[in-house]
Amino acid sequence: MSETLLHFFHMGGYAWYVWTAYASVFTFLAVQWFYPWRRWQKYLRDQQLKS
Amino acid sequence: MWLPINSLISPKKFFYLSNRLIPWLAALFILSFSYGIIGGLILAPADYLQGDGFRIIYVHAPCAFLSLFIYAVMAAAAVAGIVWRLKLAFLVMKHSATIGAGFTLLALITGSLWGKPMWGTWWIWDARLTSELILLFLYAGTILFQSAISQKKQGERATAILVLVGFIDIPIIHYSVYWWNTLHQGATLKVFAPSAIDSTMLYPLLAMIAAFLIYYVIVLLLRMGYELTAVEANHHWLRKQT
């Protein structure tokens with residue numbers, strides 16, 4: 001099991017390139033979604049407090 | 001045709017519509033993204049030539065596709081904004097620029113990460129890479145131009161013209177691999193011909209492209225919704241909903 005996992009993470013010797021590419025994309029997707037979402041939530045909370 | 005779209009400009013309608021749409025889009029995004037990731041990283045076999053290094057395609061190709069697609073959406077919005085003076089079109093243009101710039105930068109970064117082990121170099125002044133870099137500058141120019149002009153209406157129209165002028169780069173990027181001798185491979189996915197990729201590798205790729213497209217719509221709705229409701233007006237009806 002652990003050998004299969006190691007083999008998977010090793011990516012045939014391309015691990016650094018593959019995982020860096022995926023990590024950069026995931027980070028971008030998370031940040032790009034998180035900021036507008038948090039701004040929305042904050043605005044809705046403020047509206048709730050005003051009413 | 002534009003009448004129903006134009007009616008969405010009402011912040012209230014836009015708020016209701018996006019509030020209803022976003023959960024469905026998020027569910028669709030999770031489904032296609034999960035399938036794309038599992039299919040791309042686990043189920044698809046390693047490439048006979050590039051080994052597991054080819055798996056970068058599952059993030060690189062969707063980013064590259066989105067970088068072109070979003071610019072095309074911006075150009076269509078620019079036309080709609082100039083011709084029909086649609087406020088919604090200018091908003092699409094404004095908020096798409098940031099998202100598109102991000103995807104273009106990611107296409108270049110992931111492309112470099114793929115290029116280093118396969119071509120032996122991080123960067124080369126190749127036609128495809130250079131025209132994609134120009135696209136990043138066009139996005140950056142659009143963002144800077146929007147913030148530089150203080151008068152909103154004039155700024156919107158001027159930015160729309162800039163976007164339309166920059167649209168010339170889109171066919172150049174697409175056809176660069178055919179027009180010039182480049183290191184970059186030709187198109188993997190073809191609309192009018194069989195794709196040059198096996199179905200076990202193709203379906204996860206299509207799922208990832210669909211997921212990224214849905215993601216773009218979700219973020220665009222969130223950003224536009226905020227600007228329409230929170231920045232442009234402080235609506236009492238919103239307080240009742242929250």
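Author: Chain B has nine helices and zero strands. This is a predicted model, in which local features need pLDDT of at least 70, side-chain atom pairs count only at pLDDT 80 or more, and totals for chains, interfaces and linings use all residues. Residues are numbered from 1 along each chain as its sequence is written, while chains are lettered from A and ligands numbered from 1 in the order in which they are written.

Reader: What is the radius of gyration of chain A, and what would a compact globule of 51 residues have?

Author: Chain A has 20 Å, whereas the globule would have one near 10 Å. The radius is taken over C-alpha atoms, and the globule rule is 2.2 Å times the number of residues to the power 0.38. The C-alpha trace of chain A spans about 60 × 25 × 5 Å along its principal axes.

Reader: What makes a residue count as buried?

Author: Buried means 20 or more other C-beta atoms within 10 Å of its own; exposed means 12 or fewer, partly exposed is in between, and C-beta atoms are placed from the backbone. In chain A, 16% of the 51 residues count as buried. In chain B, 37% of the 242 residues do.

Reader: Why is α3(B) called roughly antiparallel to α7(B)?

Author: Helix α3 (residues 57-84) of chain B and helix α7 (residues 169-179) of chain B pack at about 155 degrees, axes 10 Å apart. Roughly antiparallel needs an angle over 145 degrees (under 35 is roughly parallel, 65 to 115 roughly perpendicular, the rest oblique). So α3(B) is roughly antiparallel to α7(B). Axes are lines fitted to C-alpha atoms, for helices over the stretch in contact, and angles run from 0 to 180 degrees between N-to-C directions.

Reader: Which residues make that contact?

Author: Leu68(B), Tyr71(B) and Ala72(B) of α3(B) meet Ile170(B), Ile173(B) and His174(B) of α7(B). Contact means C-beta atoms, placed from the backbone, within 7 Å.

Reader: How many residues of chain B are in contact with chain A?

Author: 27 residues of chain B are in contact with 24 residues of chain A. On the chain B side, α4(B) gives the most, with nine residues.

Conventions. Helices (H or I, at least four residues) and strands (E, at least two) are DSSP runs, numbered from the N terminus. Two residues are in contact if their C-beta atoms, placed from the backbone, lie within 7 Å.
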